[in-house]
Amino acid sequence: MKHSLKLTAAIVASCLTSLAFAADATTSMRGIDVAAPSPAPEIKAYAGKRPGTETPVARTFSTQPPVIPHAVENFNDINLEGNQCLDCHSAATYQKKKAPKIGDSHFVDRDGNKHAEATGSRYNCEQCHVPQVDAPPLVDNTFKGDAVKKPARKN
C-alpha cells in the first residue's frame with residue numbers, strides 16, 4: 001500500500017509539472033507568441049524602375065517563367081476588362097514597344113487549339129511571372145540552377 005501511494009504521488013507530481021510547463025506561452029520559430037497576430041511585413045520596393053529601362057533577369061532553370069524586371073505598382077489590376085501587360089507584350093505591339101513578346105504557349109488553350117489572343121488560362125500574367133523586390137533571402141540558399149542558354153529569337 002505504501003509503495004502504491006508513493007507511485008500515485010509521483011505520477012500526480014509529474015502531471016502537475018507537465019501542466020506547468022504546458023502553461024508557458026509557446027513561441028514560434030520567429031520568436032513570437034504563437035497566439036499573437038503576425039506583424040505585417042515591411043513593404044518592399046520593386047527592384048526595377050520604368051518598363052524598358054531594365055535588362056531582363058537571367059533564368060535559373062530551363063522551364064522558369066521569365067520574371068518581371070520592372071516595377072508594376074502603378075499598373076492597373078488584371079481583370080476581364082483589361083490587362084495592361086498586353087499593351088507592350090502582345091503580338092500586335094511588342095515590336096513597336098521593343099518589349100519581349102508573350103510566349104507562343106500563351107495562345108494555346110487546354111485542348112491544344114491556337115488562338116489569335118492570349119487564352120483565358122494564360123491571361124493573369126502575375127500568376128507565373130513575378131516582379132522582383134530588393135530583399136535579403138529568408139534562408140541560406142546554395143541553389144545554382146542550370147546554365148540556361150537563351151535560344152535565338154524568331155520574329
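Visitor: Is Thr 119 buried or exposed?
Guide: This is a predicted model, so everything here is computed from its atoms. Thr 119 sits in the segment after helix H3 (94-97). Its relative accessible area is 6%, and the cut-off for that class is under 20%, so Thr 119 counts as buried.

Visitor: Which residues does Thr 119 touch, leaving out those up to four places away in sequence?
Guide: Thr 119 lies in the segment after helix H3. With residues up to four places away left out, the contacts of Thr 119 are His 106, Phe 107, Val 108 and Asp 109.

Visitor: How far apart in space are Gly 120 and Arg 110, C-alpha to C-alpha?
Guide: Along the sequence, Gly 120 and Arg 110 are 10 residues apart. In space, the C-alpha to C-alpha distance is 9.9 Å.

Visitor: What about Tyr 123, how far in space is its C-alpha from that of His 106?
Guide: Tyr 123 is placed in the segment after H3, and at 21% relative accessibility it counts as partly exposed. Tyr 123 and His 106 are 17 residues apart in sequence. Their C-alpha atoms are separated by 7.9 Å.

Visitor: Which residues does Tyr 123 touch beyond those up to four places away?
Guide: Tyr 123 is partly exposed. Its contacts, with sequence neighbours up to four places away set aside, are Ile 78, Asn 79, Leu 80, Glu 81, Gly 82, Asn 83 and Leu 86.

Visitor: Which non-glycine residue has a positive phi, and what is the angle?
Guide: The residue is in the segment after H3, and it is exposed, with a relative accessible area of 76%. It is Lys 98, with a phi of about 55°.

Visitor: How many disulfides turn up in the whole structure?
Guide: A disulfide is a covalent bond between the sulfur atoms of two cysteines. A search of the whole structure gives a count of zero.

Visitor: Which cysteine has the sulfur nearest to that of Cys 125, and how far away is it?
Guide: Cys 125 is in no disulfide, and at 13% relative accessibility it counts as buried. A pair would need its sulfur atoms within 2.5 Å. The nearest cysteine sulfur belongs to Cys 85, at 3.8 Å.

Visitor: How many nonpolar, polar and charged residues line the second largest pocket?
Guide: Cys 128 is one of the residues lining the second largest pocket. Others in the lining include Val 57, Ala 58, Thr 60, Gln 64, Pro 65 and Val 67, and the list also has Val 130 and Gln 132. By class, that comes to six nonpolar, three polar and no charged residues.

Visitor: How much space lies in the second largest pocket?
Guide: Rolling a probe the size of a water molecule over the atoms shows where empty space is left. For the second largest pocket, the volume is about 150 Å³.

Visitor: Where is Tyr 46, and how far in space is it from Val 133, C-alpha to C-alpha?
Guide: Tyr 46 is in the loop between helix H1 (2-23) and helix H2 (86-89), and it is partly exposed at 24% relative accessible area. Its contacts beyond four places in sequence are Ala 71, Val 72, Glu 73, Pro 131, Gln 132 and Val 133. Tyr 46 and Val 133 are 87 residues apart in sequence, yet the C-alpha distance is 4.3 Å.

Visitor: What percentage of the residues in the chain is buried?
Guide: The chain has three helices and zero strands, and it exposes about 13200 Å², with carbon and sulfur atoms supplying 57% of that area. Of its 155 residues, the buried ones make up 14%.

Methods
Residues are numbered from 1 along each chain as its sequence is written. This is a predicted model: local features need pLDDT of at least 70, side-chain atom pairs count only at pLDDT 80 or more; totals for chains, interfaces and linings use all residues. Side-chain values use heavy atoms; hydrogens and water are left out. On a 1 Å grid over the protein atoms alone, a cavity is a set of points where a 1.4 Å probe fits but cannot get out, and a pocket is an open set with protein on both sides within 12 Å along at least five of seven lines; lining residues have an atom within 4 Å of a point. Grid points are joined across faces, edges and corners, and a volume is the space filled by probe spheres set on the points. Ala, Val, Leu, Ile, Met, Phe, Trp, Tyr, Cys and Pro count as nonpolar, Asp, Glu, Lys and Arg as charged, and the others, Gly among them, as polar. Helices (H or I, at least four residues) and strands (E, at least two) are DSSP runs, numbered from the N terminus. Buried means under 20% relative accessible area, exposed over 50%, partly exposed in between (1.4 Å probe, protein chains only). Contact means heavy atoms within 4.5 Å. Accessible areas come from the Shrake-Rupley method with a 1.4 Å probe; for residues, only the protein chains shown count as cover.
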